[in-house]
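Here is a short briefing to read alongside the model. Have the sequence and the 3D view open, and follow the topics one by one.

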Amino acid sequence: MNLKNQMRSIFIVHETSGRPYYKGIEELGKEKNFEVVYIESSVLRLTIANIVKRDWKRGYSKQILSNLLFRIKVPFFKNRLILLPMAPFDFRMIWYRLLCRKNNVIYHTSWPYWDGSNVPRWSIFPLRSFVMKAWRKFFAEGAKCIVSVLPLTCKSILQNFYCCVPCHSIPHAHEFSVRDKMKLSLQDRDKPLKILFVGKLISEKGLENLVKISNLLPLSEKIQLTIVGDGKDKNLIQPALDVGAVWLGAVSDRAELKKVFECHDVLLVPSQRKKGWEELFGMVIIEAMSQGLTVIASNHIGPESIVNESTGYILEESQPEAWVEAILSLHTNRGNLLKLQEAAIAESHKYTTAVIKDAWWEVLKDYLI
């Protein structure tokens, strides 16, 4: 990538590639004739991680060079629109804040707690005062506007920082075509209830909760559990497999994943809070809803912003008995299941790429250089 030749473009400086979260902006680029350029801000960490995992993908050397070149040129970069989705209180803001001098910088975040509590990433103590100073200046003098995934985020920033720039709320988007209206026949009432888990197989995604639920459920021909995903904690799901759950591994192909959603009835999102982490949105939730799945999710701030009593259940993560009760209720009352599924499909329309694309344009059009 030749940074000098980027004319009409948006630079998205994400910790990783960030591509799954900005499909709406990519569609805008095609429509409004601008380029979306992804820059990874965690250059060293990502490079080491790829070496350790022996996952050196084709073209990654070029991407690393682009990342390093961008970081070096930060003080001299000018006349660009930059989307900066940086983790709250990240020490790198000391450097990247320099982008605000000669560019239009928009801050993008899903983090809802800006009072300094439950922070996911604090710098070492001696740097903390410098980091906070950089963030305060960024909100007060640097960013042109703020875009949050959750409405509560804007409120929290405005309560805890001096900030007089516009603040917008735009959720993430799913790429799937929304399924047609569900149908229920008499024969469907006797079909098994198919429940599904999709996600990284890491402990915070609720694998221990998933096992507890599966052990309490009468998994059989009547109630079936499918697990999709892979990760470092995949050994934790073995007790669920021992009682009849089926593990498909990771499904990276989007068309194949859509087919998996289509042949299931209920999505489980049993996420578990960890220090500095909870489920802040849940892309899998809106994807599943678009294909007619009702969702049962932990009472984390992300799922609570998407799922309501008309589309599914928000339950306490530490009460597996309540999850089992909800599943058994859906199994016996297929009419209610159908009602929830149809409401989920209707709700998912507001998360389509087309809708989110238009919401992003209302923000970006004033800053695109």
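A polar atom of the Ser-214 side chain sits 2.8 Å from the backbone oxygen of Val-211. The model is a predicted one, so please read each value below as computed from it.

- Ser-214 belongs to helix α7, which runs over residues 207–216.
- With a relative accessibility of 2%, Ser-214 falls under the 20% cut-off and therefore counts as buried.
- Beyond its neighbours within four places in sequence, Ser-214 makes contact with Leu-219, Leu-225, Ala-240 and Val-243.

- Helix α12 has 13 residues (320–332), which should span 18 Å at 1.5 Å a residue; the end C-alpha atoms are 19 Å apart, in agreement with that.
- Which residues of α12 are buried? They are Pro-320, Trp-323, Val-324, Ala-326, Ile-327, Leu-330 and His-331.
- An α-helix has 3.6 residues a turn, so residues three or four places apart point the same way.
- Glu-321, Glu-325 and Thr-332 are exposed, on the face of α12 turned away from the buried side.

**Leu-28 in helix α1**
- Leu-28 is part of helix α1 (residues 23–32), and its relative accessibility of 0% makes it buried.
- Although 328 residues separate Leu-28 from Ile-356 in sequence, their C-alpha atoms are 9.9 Å apart in space.
- Leaving out residues up to four places away in sequence, Leu-28 touches Asn-33, Phe-34, Lys-357, Trp-360, Trp-361 and Leu-364.

**Salt bridges**
- The count of salt bridges comes to 17.
- One of them joins the side chains of Lys-357 and Glu-31, at 3.0 Å from N to O.
- Since Lys-357 lies in helix α14 (residues 353–364) and Glu-31 in helix α1, this pair ties together parts that are 326 residues apart in sequence.
- Lys-357 is buried at 12% relative accessible area, whereas Glu-31 is partly exposed at 46%.
- Lys-357 also meets Asp-358 in a salt bridge of 3.1 Å, N to O, and Asp-358 is partly exposed at 41%.
- A network of salt bridges links Glu-31, Lys-32, Lys-357 and Asp-358.
- Lys-365 and Glu-362 form a salt bridge as well, at 3.2 Å from N to O; Lys-365 is partly exposed at 38%, and Glu-362 is partly exposed at 47%.

Terms used: Residues numbered from 1 in each chain as written. Predicted model: local features only at pLDDT ≥ 70, side-chain atom pairs only at ≥ 80, totals over all residues. Heavy atoms only, no water. Helix = DSSP H or I, 4+ residues; strand = E, 2+ residues; numbered from the N terminus. Buried < 20%, exposed > 50% of the residue type's maximum accessible area, 1.4 Å probe, protein only. Contact = heavy atoms within 4.5 Å. Expected span 1.5 Å × (residues − 1). Polar contact = N/O pair within 3.5 Å; in protein donor to acceptor, adjacent residues only side chain to side chain. Salt bridge = Lys/Arg side-chain N within 4 Å of Asp/Glu carboxyl O.
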